[in-house]
Amino acid sequence: MTPLVRFEKVQKSYDGRVLVVRDLSLDVAAGEFLTLLGPSGSGKTTTLMMLAGFESPTEGEILLDGRSITRLPPHKRDIGMVFQNYALFPHMTVWQNVAFPLAIRGQARAEVDQRVTQALAVVKLTGFEQRRPAQLSGGQQQRVALARAFVFNPRLVLLDEPLGALDKQLREQMQYELKQIHEDLGVTMVYVTHDQAEALTMSDRIAVFSAGRLQQVGPPRIVYEQPANAFVAQFIGESNRLQGTVVEARGDRRRVRVAERGMIEALAADAGGMGAPALVAIRPEHLALAPTGAGHANRLEARVEDLIFQGDIARIRLRVLDDLELIAKVPIRFADTNFKRGDTIVVGWHAEDCRAFAPEA
């Protein structure tokens, strides 16, 4: 099946020397919610701007429905756009802002009335038609911008960090509302954010960028539980990271020596063979703690350094192999009952719950 959007070996440079997007090949399926995720300067926003038509690739092609749009101006791409600053017209009412894309397309008044009414109902702004943007909250302004982006039935809606200006509670509420709108409308959405929790919450797939390169693309659970390299493991969620040397390589397994006397068995991600440096990553929630022992492939004696209350969980800081630190997350009642600062315990985890990577360059 032909994807709705295809990037074919796309590169972008602003100065002819430094590539801000490198050799990007990426497909977007019709109807999916794809998030471009990465730190500042990773190339995610430039990728979105090239798809919107506000930037042109230095090399490569961008296809929409199998046809090149690489040199097509933005207004001819039939793509909806939502910006972080909303970009609403302050002198227009909510109704006029949402109707604007239809008006410039010459739609009949009856058609405009019907579509604007439907769009405002979808974003729960019925009754706000005559207000101006300054009379709305940040969340309401965001809804207006979203309604304006899909009111003309585009095949594709692009969203550039649209929740960045909202407070934490409203941001989380809007994440779920955006996802619900996506499911209700079935429109394809490409979303840019640097917020990993936002990406995990909303996306059908996540494309992780770093230094202009696509590092990994896949469903949120796969990207979180099976990171392709050390960057993804570090950037998505929280990981304990232990550096060592591969002492045994067997198929998809690596045995890694850490701090001279610690041995860890892990699944191989992109770690090298015998003698290669390796970085082992373990999620805090995968660590099992026991006062006397733990029945796991990996076991280390640990000293409890600190317990930090975080609502439903306790964050426990552990010292292992003399001077290495691990963080574990356990249910608060279990932590309160079983551990206190200064205890010597055993921390264990399954080989399947940790991965060995080549260290980042």
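Trainee: Which residues line the second largest pocket?

Mentor: As a general idea, rolling a probe the size of a water molecule over the atoms shows where empty space is left. In this predicted model, the lining of the second largest pocket consists of Glu111, Gln114, Arg115, Gln118, Ala119, Val122, Phe150, Val151, Asn153, Pro154, Leu185 and Val187. The space in this pocket comes to about 220 Å³.

Trainee: Which helix gives the most to that lining?

Mentor: Helix α3, residues 109-122, gives the most, with 6 residues. By class, the lining of the second largest pocket holds 7 nonpolar, 3 polar and 2 charged residues.

Trainee: What volume does the largest pocket have?

Mentor: Its volume is about 490 Å³. The lining has 18 residues, and those closest to the pocket centre are Ile79, Gly80, Met81, Arg105 and Phe152.

Trainee: Which elements each supply at least two residues of the lining of the largest pocket?

Mentor: They are β6 (79-82), α2 (94-103) and α4 (138-150). Strand β6 gives the most to this lining, with 3 residues. Sorted by class, the lining of the largest pocket has 13 nonpolar, 2 polar and 3 charged residues.

Trainee: Arg105 and Phe152 are both among the residues closest to the centre of the largest pocket. Where does arginine 105 lie relative to phenylalanine 152?

Mentor: To read such a contact, take the distance from CZ of Arg to the ring centre and the angle to the ring normal; the cut-offs are 6 Å and 35 degrees. Here arginine 105 lies over the face of phenylalanine 152, 4.0 Å from the ring centre.

Trainee: Over which ring does the charged end of arginine 283 sit?

Mentor: That ring belongs to tyrosine 224, and the charged end of arginine 283 is 4.0 Å from its centre.

Trainee: Turning to ring pairs, how many aromatic pairs are counted?

Mentor: A pair needs ring centres within 6.5 Å, and planes under 30 degrees apart make it stacked. By this rule there are 4 aromatic pairs. One of them joins phenylalanine 231 and phenylalanine 235, with 5.4 Å centre to centre and 10° between the planes, and is stacked.

Trainee: How are phenylalanine 231 and phenylalanine 235 placed in helix α8?

Mentor: Helix α8 covers residues 230-235, and because the two phenylalanines are 4 residues apart in it, about one helical turn separates them.

Trainee: Is phenylalanine 231 buried or exposed, and what of phenylalanine 235?

Mentor: The cut-off for buried is under 20% relative accessible area. Phenylalanine 231 has 11%, so it is buried. Phenylalanine 235, at 13%, also counts as buried.

How values were computed: Residues numbered from 1 in each chain as written. Predicted model: local features only at pLDDT ≥ 70, side-chain atom pairs only at ≥ 80, totals over all residues. Heavy atoms only, no water. Phe/Tyr/Trp six-rings, centres within 6.5 Å; stacked < 30°, edge-to-face > 60°. Buried < 20%, exposed > 50% of the residue type's maximum accessible area, 1.4 Å probe, protein only. 1 Å grid on protein atoms, 1.4 Å probe; cavity = no way out; pocket = protein on both sides within 12 Å on 5 of 7 lines; lining within 4 Å. Points joined across faces, edges and corners; volume = space filled by probe spheres on them. Nonpolar A, V, L, I, M, F, W, Y, C, P; charged D, E, K, R; others polar.
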